[in-house]
Amino acid sequence: MSQNFFRARARWSGWETAFWLCWAVAFFVPGANLALLTQVLIWGLFALSLDLLLGYRGIPSLGHAAFFGIGAYTAGYLGKFGWTEPISGLMLAALMAGLVGLATGRIVRGLHGVGLLMVTLGLNLLLYDFVHRSTELTGGDDGLQGIAIAPVLGLFRFDMFGRTGYVYVLAVVFVLFLLVRALLQSAWGLALLGARDNARRMAMLGAPVAGDLTWAFGISAALAGVAGALLTQTTQFVAPEVLSFQRSADLLVVLVIGGAAMLYGGFAGALVFLVLRDLLAALNPVYWYFWIGLVLVLIVAFFRKGILPSLRAAWLRHGKGRALPAPEVVR
C-alpha cells in the first residue's frame with residue numbers, strides 16, 4: 001500500500017477536532033459536572049479497549065472488567081504502600097493488566113464462540129471472588145483504604161471539585177487515543193480488520209493471525225488497566241465492584257449504544273449511558289436499570305449498529321459527504 005493511503009487515513013477532520021475541543025471547553029463552563037465528565041472519559045477509554053477486541057478483531061469478551069480491576073487495584077496498592085506518583089502508577093497498572101491480557105490472549109487464541117466467552121467470563125468471576133473474599137488483603141466490601149496520590153507532576157494536587165482530576169484524565173485519555181488511532185490506521189490495524197472478516201484468508205496470505213490476536217488482547221487489557229487506575233487515582237478508593245460482572249455487562253451496553261469499530265463509539269455510548277444512569281437513578285433508585293434496558297431496546301431498534309454508525313450511514317445516504325471521521329468499518 002502506498003504512503004498516500006496511510007496519510008489519507010490518518011488525516012484529521014473537523015469532526016474529530018471539534019470533539020476534543022468540546023472536552024477542553026467543558027472545563028471552563030460554569031457549573032459543569034466535572035466529576036461526571038471524568039467518569040465518561042474513563043468509561044470511554046474502557047470501552048475503547050474492548051472495541052479494539054470486539055469491533056476491530058471480532059473477539060467478544062464477557063470479562064473485560066478483570067483487566068479494569070487489575071489496573072484499579074494495582075494503582076490502589078501502589079498508593080497505599082508509598083508509591084504515590086500518579087503517572088508511573090498508570091504505567092505499572094498498564095503493565096500488570098497488559099501481561100495478564102497477553103497470557104489470556106495466548107490461552108484463548110484457539111477458542112471460538114461459547115468457549116471463548118466462558119474463559120473470559122471465568123477469569124472475571126475468579127478474580128472478583130478472590131478480591132471479595134480476601135478481606136484482610138483487599139478490604140472486601142469495604143474497599144481498599146488509605147490510598148494516597150501525589151500531585152500530578154508534583155504541582156497539581158487532586159481537589160474535591162475534580163478540576164485537576166478532569167484535566168489529568170483528559171490528557172491521559174487523549175494521548176492513549178492518539179496511540180490507538182495511529183495503531184489502528186497502520187498495517188497492523190488493517191490486518192486486524194482483515195482477520196475479523198476472514199481469519200482463514202488472512203492466514204493464507206501469511207498474516208500472523210494468532211500472534212496479532214495475542215497482542216490485541218495485551219494492548220486491550222493494558223488500556224483497560226489504565227482506565228481502572230485512573231478511576232482509583234481520581235477517587236482514591238477501590239472496591240471489588242470494579243471487578244464485577246455487572247461492570248463487564250455495562251461496558252458491552254456502552255459499546256452497543258455508541259457503536260463498535262468507530263473509535264469514538266465508546267465515548268458516545270459512555271456519555272449516553274452515564275448521563276441516563278444519573279438521571280434515571282435520581283428518579284427511581286431501585287428500578288432505574290429497567291429504563292436503561294428499555295433505552296437499549298429502542299437504540300437497537302432504531303440504531304441497529306449503534307448511534308454513531310447509524311448517524312454516519314444516514315449522513316452518507318443523504319449525500320452530505322464524508323461523515324464521522326473514524327476509520328472505515330469493513331463489514
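Exposed means over 50% relative accessible area, buried means under 20%, and partly exposed lies in between. The model worked on here is predicted.

**Exercise 1. Classify both partners of the salt bridge between Asp 129 and Arg 133 as buried, partly exposed or exposed.**

Step 1. Take the contact. The closest N and O atoms of Asp 129 and Arg 133 are 2.9 Å apart.
Step 2. Take Arg 133. Its relative accessible area is 63%, so Arg 133 is exposed.
Step 3. Take Asp 129. At 36% relative accessibility, Asp 129 is partly exposed.
Step 4. An α-helix has 3.6 residues a turn, so residues three or four places apart point the same way.

**Exercise 2. Which parts of the chain does the salt bridge between Arg 181 and Glu 16 tie together?**

Step 1. Check the distance. The closest N and O atoms of Arg 181 and Glu 16 are 2.9 Å apart.
Step 2. Locate the ends. Arg 181 is in helix α8 (residues 163-184), and Glu 16 is in helix α2 (residues 14-26), so the bridge ties together parts 165 residues apart in sequence.
Step 3. Check the burial. Arg 181 is buried at 4% relative accessible area. Glu 16 is buried too, at 1%.

**Exercise 3. What is the geometry of the ring pair Trp 20 and Tyr 264?**

Step 1. Start from the search. The whole structure holds 20 aromatic pairs.
Step 2. Read the geometry. The ring centres of Trp 20 and Tyr 264 are 6.5 Å apart and the planes stand at 55°, so the pair is tilted.
Step 3. Locate the rings. Trp 20 is in helix α2 and Tyr 264 in the loop between α11 (245-258) and α12 (265-283), so the pair ties together parts 244 residues apart in sequence.
Step 4. Check the burial. Trp 20 is buried at 8%, and Tyr 264 is buried at 6%.
Step 5. Widen the view. Ring pairs link Trp 20 and Tyr 264 into a cluster with Phe 19, Trp 23, Phe 174, Phe 177 and Phe 267.

**Exercise 4. Is helix α10 largely enclosed or open?**

Step 1. Size it. Helix α10 (residues 209-235) has 27 residues and reaches 39 Å from first C-alpha to last, close to the expected 39 Å.
Step 2. Count burial. Of its 27 residues, 21 are buried, so α10 is largely enclosed by the rest of the structure.
Step 3. Look just past α10. Gln 236 takes a positive phi of about 55°.

Methods. Residues numbered from 1 in each chain as written. Predicted model: local features only at pLDDT ≥ 70, side-chain atom pairs only at ≥ 80, totals over all residues. Heavy atoms only, no water. Helix = DSSP H or I, 4+ residues; strand = E, 2+ residues; numbered from the N terminus. Expected span 1.5 Å × (residues − 1). Buried < 20%, exposed > 50% of the residue type's maximum accessible area, 1.4 Å probe, protein only. Salt bridge = Lys/Arg side-chain N within 4 Å of Asp/Glu carboxyl O. Phe/Tyr/Trp six-rings, centres within 6.5 Å; stacked < 30°, edge-to-face > 60°.
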